[in-house]
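Student: I would like to learn how to read the features of a protein model, one at a time. Could we begin with how its helices and strands are assigned?

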Amino acid sequence: MNSLKNRVLTALASRFSDKSFAYDKLEVMHKGRFANAIVMRYRDDDIDLVIKDFSHCPWPVRFTAGRFFVGREAKALARLQGIEGVAPQSYRLNELMLAYPFIEGTPLRNLKKTEQRLPRQFFLELEKMVAEMHRRGVVHLDLRNLGNVLVGDDGKPHFIDFQSSLRYVRFPGWVQGFMRGADLSGVYKAWKSLCEEPLSAHREQFFDNYNLLRKRWIFKGYPLTRTAIKVRTAGAQMALAGGELVRNVLERIF
């Protein structure tokens, strides 16, 4: 672990050449296993950063998936700059390390465990954030994981972990509908679990219908993007139905 921390501190010092970094200010938040990043946090009086690092992984992972995931998340964060609730900037420290500002907040997953409730306005804002993200051409694809949505100290929603995200515009229209639906269904899953008020009728219908289709569809598991090839062989009738569901609910909401 000492050598890993030293690599991270060296990368930070290279990126922020006008600043010194202290070993005791760097802590491990999550130990990655095999092909997953180790997540660290560096915090001092000047900066507070999350660092995702794949350098501990076996070399086949480092030279393939590790570089790919770091590059993809960096590109997604760059496209989403300016959206409130998304890290305002990111720093690619090297091919295997990415850093971005730490967001103070509590994952929805933790709130669910303690049976806490949030106001309807929180989920309306979350819904609008998803819509804006989609307008930028990005799908998150892992918002059904309640650990990837935070209630910030400001009381507002925040997204984290864009490792599974994609630019969806390269896919056929009916596939884009399903991808956007995956994000939207994540919002409604959280809403049903944590909101003080129930889903409106049309949102409830969308959520139920999408879940029925999802049982036969490929958008489940992590990372979701491993199914990009399989999508070409999915049934056109089911896909078109899913795209129509997304279009209908978006028209009614926005």
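Tutor: Helices (H or I, at least four residues) and strands (E, at least two) are DSSP runs, numbered from the N terminus. By that convention, Arg170 is found in the loop between β10 (166–167) and α5 (173–194), and the whole chain comes to seven helices and ten strands. This is a predicted model, in which local features need pLDDT of at least 70 and side-chain atom pairs count only at pLDDT 80 or more, while totals for chains, interfaces and linings use all residues. Residues are numbered from 1 along each chain as its sequence is written, and side-chain values use heavy atoms, with hydrogens and water left out.

Student: Is Arg170 buried or exposed?

Tutor: Buried means under 20% relative accessible area, exposed over 50%, and partly exposed in between (1.4 Å probe, protein chains only). Arg170 has a relative accessible area of 60% and is therefore exposed. Of the 254 residues of the chain, 52% count as buried.

Student: Which residues gather in a patch of positive charge on the surface?

Tutor: Patches are made of residues with over 30% relative accessible area and no salt bridge, where like charges are joined within 9 Å and nonpolar side chains (Val, Leu, Ile, Met, Phe, Trp, Tyr) within 5 Å. Lys and Arg count as positive and Asp and Glu as negative, whereas His and the chain ends are not counted; the place of a charge is taken as NZ of Lys, CZ of Arg, CG of Asp or CD of Glu. Here the positive patch on the surface brings together Lys75, Arg79, Arg92, Arg167 and Arg170.

Student: How many salt bridges does the count come to?

Tutor: A salt bridge is a side-chain nitrogen of Lys or Arg within 4 Å of a carboxyl oxygen of Asp or Glu, and by this rule the count comes to 13. One of them joins Asp161 to Lys52, with the closest N and O atoms 3.1 Å apart. Asp161 lies in the loop between β9 (157–159) and β10, and Lys52 in strand β3 (residues 48–53), so the pair ties together parts that are 109 residues apart in sequence. Lys52 counts as buried, at 6% relative accessibility.

Student: Where do Arg135 and Glu132 lie?

Tutor: Both lie in helix α4, three residues apart, which is about one turn of the helix, and their side chains meet in a salt bridge (3.1 Å, N to O). Arg135 is exposed at 61% relative accessibility, whereas Glu132 is partly exposed, with a relative accessible area of 24%. Another salt bridge joins the side chains of Lys192 and Glu204 (2.9 Å, N to O). This pair links distant parts of the chain, with Lys192 in helix α5 and Glu204 in helix α6 (residues 201–214), twelve residues apart. Salt bridges that share partners also join Lys19, Asp44 and Asp46 into one network.

Student: With which residues is Pro157 in contact, leaving aside its neighbours within four places in sequence?

Tutor: Contact means heavy atoms within 4.5 Å. With those neighbours left aside, Pro157 is in contact with Gly85, Phe122, Glu125, Leu126, Met129 and Leu150. Pro157 lies in strand β9 and counts as buried, at 3% relative accessibility. For the chain, residues 24 or more positions apart account for 64% of the contacts with a separation of 6 or more.

Student: What value does phi of Glu115 have, and what value does phi of Leu141 have?

Tutor: Phi of Glu115 is near 60 degrees, a positive value in a residue other than glycine, and phi of Leu141, again a residue other than glycine, is positive and near 75 degrees. Glu115 sits in the loop between α3 (108–113) and α4 (120–135) and is exposed, at 65% relative accessibility. Leu141 lies in the loop between β7 (138–139) and β8 (149–152) and is buried, with a relative accessible area of 3%.

Key:
Areas by Shrake-Rupley, 256 points an atom, 1.4 Å probe, with all protein chains shown as cover.
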